[in-house]
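The following exercises concern the predicted model shown below. Each task is followed by a worked solution.

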Amino acid sequence: MSIQPLQGAITPATASATRSATKRGSGRSSFDALLDAIDGPREGNTVAAPQAAAELLRIEMMQSSLSLSGDAAESPRAGTRAVENFLANLRGAKEFSRGQACAAAAPFAAPVETPPKASMSAAGDELDSIGATAAQYLGIPYRFGGEGAAGIDCSSFVQHVYREHQVDLPRTAREQINVGVDVAEGDLRKGDLVFFQTYASYPSHVGIYLGDGKMIHASSGKGEVTISDMNSSYYRPRYLGARRVV
């Protein structure tokens with residue numbers, strides 16, 4: 001049986017109208033059934049992107065041309081391969097797009113700078129060593145604002161001692177009280193910094209705790225680096241708290 005040649009070329013508009021008429025008449029085309037068999041039922045009969053719709057139309061037109069040209073036996077296999085290739089590419093594009101979206105939605109967080117936390121496990125020998133270093137300053141004259149052997153104030157004395165143990169502290173007691181971790185009065189240990197409110201409304205004096213209620217500090221009252229009792233009538237009511245930096 002011979003097949004009459006087509007009368008005129010099939011244009012996209014004609015194919016679209018024919019497909020719409022087929023859907024209205026028979027509900028579903030054979031091409032829709034083929035897609036369902038390959039990729040599972042679709043949600044509705046629409047294609048998300050214009051490019052995808054154009055590609056599906058091209059494949060359907062190719063199938064129709066193959067059938068009308070007498071290659072009916074080959075057309076299902078060729079059409080199926082074309083659809084499979086198209087769907088594989090479509091899935092790959094979707095996965096790539098989804099991956100890109102995830103990457104954009106979860107950017108690396110910007111680094112946050114935080115001061116180093118004080119170690120809570122300094123060995124007893126190290127704490128004894130800090131006390132020994134501080135003791136080398138005993139008798140050095142006190143001088144407000146002083147930073148050397150000719151004269152030194154309380155915060156500079158503390159800064160010098162800890163610098164010899166690779167701990168950098170700010171220059172003033174007002175700044176030093178913000179370093180390290182807070183220490184409850186009942187948890188004081190050798191090497192903790194102890195702070196007092198003396199001549200100003202802010203922390204204005206600092207010393208190094210030695211244990212048994214004693215501290216070593218540069219004292220303006222004694223005029224030198226000395227050891228004092230923190231429970232004295234002068235220091236006890238002026239005590240503000242302690243910080244641990246080693």
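A residue is called exposed when its relative accessible area is over 50%, and buried when that area is under 20%.

**Exercise 1.** Determine whether Asp212 is buried or exposed, and locate it in the chain.

*Solution.* Step 1: Asp212 belongs to the loop that connects strand 5 and strand 6. Step 2: its relative accessibility is 76%. Step 3: because this value is over 50%, Asp212 counts as exposed. Step 4: the backbone of Asp212 has a positive phi of about 55°, although the residue is not a glycine.

**Exercise 2.** Carry out the corresponding analysis for Gln166: where is it found, and what is its relative accessible area?

*Solution.* Step 1: Gln166 is found in the loop between helix 6 and helix 7 (173-176). Step 2: with a relative accessible area of 70%, Gln166 is exposed. Step 3: Gln166 is not a glycine, yet has a positive phi of about 60°.

**Exercise 3.** Describe the largest nonpolar core and identify the element that gives the most to it.

*Solution.* Step 1: the largest nonpolar core has 24 residues. Among those with the most contacts inside it are Phe157, Val158, Tyr162 and Leu193. Step 2: at least two residues of this core come from each of helix 5 (124-135), helix 6 (154-163), strand 4 (193-196), strand 5 (205-211) and strand 6 (214-219). Step 3: the most is given by helix 6, with five residues. Step 4: another core, of ten residues, lies apart from this one and includes Val183, Val194, Met215 and Tyr235.

Methods: Residues numbered from 1 in each chain as written. Predicted model: local features only at pLDDT ≥ 70, side-chain atom pairs only at ≥ 80, totals over all residues. Heavy atoms only, no water. Core = buried A, V, L, I, M, F, W, Y, C linked by side-chain atoms within 4.5 Å. Buried < 20%, exposed > 50% of the residue type's maximum accessible area, 1.4 Å probe, protein only. Helix = DSSP H or I, 4+ residues; strand = E, 2+ residues; numbered from the N terminus.
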